[in-house]
Amino acid sequence: MRKLNILKSILDLFWFFSIIGVLTIIVFLPFYLFDSDIDIPIRIKGQEIVSKTLFSKIIVFANVVSGILFVYSVYLLRKVVSLFQKREIFNDQVVHLFNLIGKLVISSSLISNVSLFIYKFIVKDHANLSIDLGGYDSFLISVSLGLFFMVISVIFKIAINMKEENELTI
């Protein structure tokens, strides 16, 4: 139970700072998107995005949406951990939340990586594929993590069905 409390504390801390960041981005994003005088270089995953064109602003917006999806998945994970703390483990809501978390993490990773790939291809006139094996923001790690949450969802669903069948046989 102690590990669960540590996990909840870490998620709460991450959630707190993420909300501050998301609110700041939501306040300043309209100025960035609609004011042509702002010339602030944005760096996303090591790629500098120049805000002169509409296309680059769409790429920045897509990555903001990607970040918000990831932060929402952390919020849902906090809800799952709260359910675990209440000892509501084999619950249909837990299954649904794990599945949704997996889909959100995969969607977030796809939006971010595909938009940056398209940006490099169109603006930089070259496209490159790189497999980052050492970082936590790696595309493969993100997709794997999303699929893991979806598999956990299926495992919990099977466990719920087995528990119901066990209760019926008694």
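**Notes on the predicted model**

1. R78 counts as buried, at 17% relative accessibility; buried means under 20% relative accessible area, exposed over 50%, and partly exposed in between (1.4 Å probe, protein chains only). R78 forms a salt bridge with D12, and the closest N and O atoms are 2.6 Å apart. A salt bridge is here a side-chain nitrogen of Lys or Arg within 4 Å of a carboxyl oxygen of Asp or Glu. Because R78 lies in helix 2 and D12 in helix 1, the pair ties together parts that are 66 residues apart in sequence.

2. D12 also forms a salt bridge with K8, with the closest N and O atoms 3.1 Å apart. These two residues are four residues apart in helix 1 (residues 2-34), which means that about one helical turn separates them. K8 counts as buried at 13% relative accessibility, whereas D12, at 28%, counts as partly exposed. Salt bridges that share partners join K8, D12 and R78 into one network. The structure holds two salt bridges.

3. On the basis of these values: this is a predicted model, in which local features need pLDDT of at least 70 and side-chain atom pairs count only at pLDDT 80 or more, while totals for chains, interfaces and linings use all residues. Residues are numbered from 1 along each chain as its sequence is written, and side-chain values use heavy atoms, with hydrogens and water left out.

4. The protein chain has four helices and two strands, in the order α-β-β-α-α-α from the N terminus. Helices (H or I, at least four residues) and strands (E, at least two) are DSSP runs, numbered from the N terminus. Of the 170 residues of the chain, 31% count as buried.

5. S153 is found in helix 4 (residues 139-169) and is buried, with a relative accessible area of 5%. Leaving aside neighbours within four places in sequence, S153 is in contact (heavy atoms within 4.5 Å) with V95, F98 and N99. The side chain of S153 reaches the backbone oxygen of V95 at 2.9 Å.

Notes. A polar contact is a pair of N or O atoms within 3.5 Å; within protein, one must be able to donate a hydrogen and the other to accept it, and residues adjacent in sequence count only if both atoms are side-chain atoms.
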